[in-house]
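Here is a short briefing on a two-chain model. Please look over the sequence and structure first. The notes after it are grouped by topic.

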Protein chains: 2
Amino acid sequence: MQAAFLLYPGFTALDAIGPFQVLASAPGVDPVFVAKQPGPIASDTPACSLMAQRSLVETQRPEIVVVPGSLSGFQGVMEDTETLDWLRATSAHATYVTSVCTGSLLLAAAGLLDGRAATTHWAARELLVELGATVATERVVDLGQIITSTGVSSGIDMALHLVRRIEGDDVARAVQLGIEYDPQPLFDTGAIERCPPALVATVRTALHDRGARWISTPASNNYQ
Amino acid sequence: MQAAFLLYPGFTALDAIGPFQVLASAPGVDPVFVAKQPGPIASDTPACSLMAQRSLVETQRPEIVVVPGSLSGFQGVMEDTETLDWLRATSAHATYVTSVCTGSLLLAAAGLLDGRAATTHWAARELLVELGATVATERVVDLGQIITSTGVSSGIDMALHLVRRIEGDDVARAVQLGIEYDPQPLFDTGAIERCPPALVATVRTALHDRGARWISTPASNNYQ
């Protein structure tokens, strides 16, 4: 199965590489990185660029589509007819259409989530609602064809879920051992529901300052 | 603090991008991808290439060094004097020298782990011992300057540990929320100690077939 990872300027690297590493470990998946034009695509941290191998035009029938999120790069893509058309066209044929983090905003902008349950980075839930989706807060939200997941690191869980769907429990168990996925997070601050408001405010400000200007911060709220 | 991520042909993408995403979220860290020559460097899944921005020669004094592992690419680097010399030279000045997965074999080949405790991918523990280190099986092994971690996905935990050491608990908590690191692995197969022998044999064969010829498999064992 061909799995096309959509790259665009300002994508978040782990959103793409987390699911890539999991899917690349599954025997039946053939990954390809695609973009409007082949060549290096800078992530939202400019130090990191990934190579797109093929153009969207050259990639018409992937069986899996993976859309990574971004700090602000999604805003440009939401106005890019070629990419939204590609998402609509590939989704008409793909077996699985998946997103990580704010990648779901692109699926929504393409009209694929109208009135449907989906998830995104916690800071983008309101944006996802504005784009017509219903927000679910599970880490991985599986509608059958469309699978969305929460922020950045969630793509690993999403892809392992996808491997299980495609190839079954035994293969997914093997993939998990192959990448030694035995996570040991230091804190219990991975989900907004379990974080104190002051920490959430700190992170909103940090994301805003790193480029996510669409995130309102305690300071900017004073002027709203 | 400059954090230099060493790229080399056949590196494992998530080994580099996991810690990159965590460290790039910390306010005081300036990441850079380095290789013998700048330009695209293919990972062990050729579909994925990352851009190296700077050569080793141009990167003499990083404060953090991150060495990703690989299915088999490390074998070439272990015979590459320039890269091993660079690891020794940067380690003489760096505050933190870190590795993910089989990246620790490169630290060992450079002579940085002689008689010291370190970890690696579970399939490479014997190789690490052959190179003079003592194998520890914790997910993250912190000797003070040198920090090694287990296979592939462990770099996220290693880097969060490093952010805590550099910038303290509050910043590390914020980074964890920023990347929504609330892992929910499907199975309890992330650590070899908790896996049945048949699953371990399956994964050894899969890794061998994907390029890690140094891993003995049940079949190849018949001829030993």
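**Helix H1 of chain B**

The model is predicted.

- The buried residues of H1(B) include B:Ala13, B:Leu14, B:Asp15, B:Ile17 and B:Phe20.
- B:Gly18, B:Pro19 and B:Gln21 are also among the buried residues of H1(B).

**The loop at B:Ser43**

- B:Ser43 lies in the loop between strand S3 (39–42) and S4 of chain B.
- B:Ser43 counts as buried because its relative accessibility is 5%, under the 20% cut-off.
- Its side chain reaches the backbone oxygen of B:Thr45 at 2.8 Å.
- Leaving aside neighbours within four places in sequence, B:Ser43 is in contact with B:Gly10, B:Phe11, B:Ala13, B:Cys48 and B:Ser49.
- One of these partners, B:Ala13, is a buried residue of H1(B).

**The interface between chains A and B**

- The size of an interface is often given as the accessible area lost when the parts come together.
- Chain B and chain A bury about 5,400 Å² between them. Carbon and sulfur atoms carry 64% of that area.
- B:Leu177, B:Glu180 and B:Phe187 supply 15% of the area that chain B buries against chain A, more than any other three residues.
- In contact terms, 61 residues of chain B meet 61 residues of chain A.
- Between the chains there are 32 residue pairs in polar contact, both residues at pLDDT 80 or more.
- Six elements of chain B each supply at least two residues of the side that touches chain A: H1 (13–24), S2 (30–35), S4 (49–52), H6 (154–167), H7 (169–178) and H8 (197–209).
- H7(B) gives the most to that side, with eight residues.
- The residues on that side of chain B divide into 32 nonpolar, 19 polar and ten charged.

**Salt bridges between the chains**

- Side chains of opposite charge can pair when their charged atoms come close.
- The count between chain B and chain A is two salt bridges.
- B:Arg194 forms a salt bridge with A:Asp182, the closest N and O atoms being 2.8 Å apart.
- A:Arg194 forms a salt bridge with B:Asp182, with the closest N and O atoms 2.8 Å apart.
- This pair crosses between chains, from A:Arg194 in the loop between H7 (169–178) and H8 (197–209) of chain A to B:Asp182 in the loop between H7 and H8 of chain B.
- A:Arg194 counts as partly exposed at 40% relative accessibility, whereas B:Asp182 is buried, with a relative accessible area of 16%.

**Salt bridges within a chain**

- Over all chains, a search of the whole structure finds 20 salt bridges.
- A:Arg194 also forms a salt bridge with A:Asp188, the closest N and O atoms being 2.7 Å apart. A:Asp188 counts as partly exposed at 46% relative accessibility.
- B:Arg125 and B:Glu193 meet through their side chains in a salt bridge (3.1 Å, N to O).
- That pair links distant parts of the chain, 68 residues apart: B:Arg125 is in helix H5 (residues 125–130) of chain B, and B:Glu193 is in the loop between H7 and H8 of chain B.
- B:Arg125 is buried, with a relative accessible area of 18%, but B:Glu193 counts as exposed at 52% relative accessibility.
- Salt bridges that share partners join A:Lys36, A:Asp80 and A:Glu82 into one network.

Terms used:
Residues numbered from 1 in each chain as written. Chains lettered and ligands numbered in written order. Predicted model: local features only at pLDDT ≥ 70, side-chain atom pairs only at ≥ 80, totals over all residues. Heavy atoms only, no water. Contact = heavy atoms within 4.5 Å. Buried area = accessible area lost by both parts, 1.4 Å probe. Salt bridge = Lys/Arg side-chain N within 4 Å of Asp/Glu carboxyl O. Polar contact = N/O pair within 3.5 Å; in protein donor to acceptor, adjacent residues only side chain to side chain. Helix = DSSP H or I, 4+ residues; strand = E, 2+ residues; numbered from the N terminus. Nonpolar A, V, L, I, M, F, W, Y, C, P; charged D, E, K, R; others polar. Buried < 20%, exposed > 50% of the residue type's maximum accessible area, 1.4 Å probe, protein only.
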